[in-house]
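Thanks for passing this one along. Here are my notes, with the cut-offs spelled out as we go.

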Amino acid sequence: MKEVKYAKRMMVEGGSEISDILALTAKPEVISFAGGLPAPELFPVADMKRMANEVLDEVGTVALQYSSAQGFPKFRQQIANRMNAKQKTKVAADDILVTSGSQQALEFSGKIFLDEGDVILCESPTYLGALNAFNGYGPKYIEVETDEDGMNMEALEKVLQTTDRVKMIYVIPDFQNPTGRTWPLEKRKKFVELITKYKVVALEDNPYGELRYEGEFLPSLKSFDKEGYVVYLGTFSKILCPGYRLGWVCASPEILAKYIRCKEDGDLQTSTISQLEVSRYLDECDVDAHVLEIRALYKKRRDLMLKTIEEEFPEGVKWTHPEGGLFMWVTVPESINTTEMMKKCVDNNVAYVPGVAFYPGRTKTNNFRLNYSNMDEERIVIGIKRIAEVIKNELK
Ligand code: PMP
């Protein structure tokens, strides 16, 4: 098989080293803070079983048939209503395309906006899965300086003034993956002002916005977008469950038409039966009450992780205090390489994601990401103590 000739886009680095490391964490004795999974004990299994039965009993032949590329009108209306209520937007069902998770919308974004060598601006660090989705299109990345409260607006404007190959800006303003950081209100307004002035499209990726544990709710970038430069990506993965693979794109008509075209070309449509079952869930069950349960459990886990870190991590180590979402971000002294340290952690049956992969330029080696949504309280304490021991040994 050595003779097989692949396309150039398959030659790009695709996080293989990270899958090698993560493979080590699959052993049951390893306490892994490396994943980003929701807590399965909260999945509404009984409700979804009822929805599945009702859908098959009442509209079984519709559920099992092909359906429209854009998604069921009623389901798109429910999504638009939820965005308007939660994200302070004023969007309509026709502004929405249902996708197979927001990950598919990231891949479509690469296809729509990027020719080889085009520039993407992003936060530094940023979501690894987005980088993997974009990489096949051969972009160049400019990592915009990122502070405790998100992307630095002066740095952003400077880049926009000096480069005209920027085709897209990718941001996660709410409880970012990997850092857990959130942009304040003024920054959101300023950002939309800047992208409108420089006429650059921005992807606002918001899987975690509803999972806030403290502080004021902040409106989405999309809510300030008068001229249609913001493309909003949403998902049911974190407020319901990821198994249905339901996400959406909300964009102005001209841009949305390109996403619909990608959908038709790529997989025709999102699963009919998934859309019908989740649409019925939104009608018959109380998704807001469900989100409250998720928030209560994750808050408890976040608080315990923060408390244990404060008690156990040695001097010289810093970490973020996420107001919501699934992740926190730890910075150790520069003498420590967290990819190297990960091997020692796995020997001690604990794991995180080394931070280097979240930087497109792979420039920083002294960070790691911790997930707290998918771990019971007892194991959070034991796991954090194990990491603390390894860090202390490294600093000796
Ligand atoms: N964007 C971000 C920032 C994420 O963290 C994730 C998944 N963890 C996704 C997009 C993709 O989510 P999904 O495809 O399940 O909607």
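Predicted model: local features only at pLDDT ≥ 70, side-chain atom pairs only at ≥ 80, totals over all residues.

1. Numbering starts from 1 along each chain as its sequence is written.

2. An open, mixed sheet of seven strands runs in the order β2-β10-β9-β8-β7-β3-β4. Because β2 (96–100) and β4 (140–144) stand at the edges with a single partner strand each, one side of each lacks a neighbour in the sheet. Strands are DSSP runs of E, at least two residues, and helices runs of H or I, at least four, numbered from the N terminus; pairing takes at least two DSSP bridges.

3. β9 (residues 230–235) pairs with β10 (residues 246–250) in the antiparallel sense over four bridges. Gly-234 has Trp-248 in β10 as its bridge partner.

4. The ligand has 14 residues around it, and Gly-101, Ser-102, Gln-103, Thr-235 and Ser-237 come nearest (C-beta atom, placed from the backbone, within 6 Å). Helix α4 (residues 101–113) gives the most to this shell, with three residues.

5. In helix α11 (residues 338–347), the buried residues are Thr-338, Met-341, Met-342, Cys-345 and Val-346. They are on the same side of α11, because they cover an arc of only 145° around the axis, taken from the directions from the helix axis to the C-beta atoms. The face turned away carries exposed Glu-340 and Asp-347. Buried means 20 or more other C-beta atoms within 10 Å of the residue's own, exposed 12 or fewer, with C-beta atoms placed from the backbone.
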